[in-house]
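My notes follow in the order I checked them.

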Amino acid sequence: MIGDIRMEEKTILLNNKNSSQLIQMNKLLFVTTSIHDHYLDFITKDETLISQGTLRELENKYSELIRCHRHILVNINAIKSIDKKYHRIYFWESQNIHCNISRRQYIKVYSAWERHVQMTF
């Protein structure tokens, strides 16, 4: 199951059968469904971590994570740019990693990111 621990920076507790691990929200780029049933892949700049859970559970618990595709939640704080032509998200922490935005979710994601940028800067 997925939980969180409040410290100075927001973290997500990832639980697997054999171990538990903390991931800092500011390191997380996006979360996608895994090829294994009922597992999620947490993508950071440096690694991919796997944990049990659902995207809906994360989406409801963390306001920073917004759905950009049926099987992807993106960390709105990690978005550097959005490619309007190809519907892709690029991240601050990595030049090589990107994720796609579905046509259905594009306006919602772009609007949320625009509001976030205006509030942040």
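I started at the hairpin that joins S10 to S11 through six residues. Strands here are DSSP runs (E, at least two residues), helices are H or I runs of at least four, and both are numbered from the N terminus. S10 and S11 run antiparallel, joined by three bridges. Two strands count as paired if DSSP finds at least two bridges between them. Across this pair I found tyrosine 90 opposite histidine 98 in S11.

A note on the source: this is a predicted model, where local features need pLDDT of at least 70, side-chain atom pairs count only at pLDDT 80 or more, and totals for chains, interfaces and linings use all residues. Residues are numbered from 1 along each chain as its sequence is written, and side-chain values use heavy atoms, with hydrogens and water left out.

Next I looked at the other partner of S10. S9 (residues 79-83) pairs with S10 in the antiparallel sense over four bridges. Isoleucine 79 stands opposite phenylalanine 91 in S10. Then I checked the faces of S10 (residues 88-91). Ile89 and Phe91 form the covered face, Arg88 and Tyr90 the uncovered one. In a regular strand, side chains alternate between the two faces of the sheet.

Which residue takes a positive phi in the hairpin of S9 and S10? I found histidine 87, near 55°, in a hairpin with four residues between the strands. Most residues other than glycine have a negative phi. Histidine 38 also has a positive phi, near 65°. I placed histidine 38 in the loop between strand S4 (28-33) and strand S5 (39-44).

Is histidine 38 buried or exposed? At 67% relative accessibility, it counts as exposed. The cut-offs are under 20% relative accessible area for buried, over 50% for exposed and partly exposed in between (1.4 Å probe, protein chains only).

I then went to serine 102, in the loop between strand S11 (98-100) and helix H2 (106-120). Serine 102 counts as buried because its relative accessibility is 17%. Leaving out residues up to four places away in sequence, serine 102 touches Cys68, His69 and His87. Contact means heavy atoms within 4.5 Å.

Last, I noted the whole chain. I listed two helices and 11 strands. From the N terminus on, the order is β-β-β-β-β-β-α-β-β-β-β-β-α. Of the 121 residues, 43% count as buried. The C-alpha atoms fill a box of roughly 45 × 35 × 25 Å along the principal axes.
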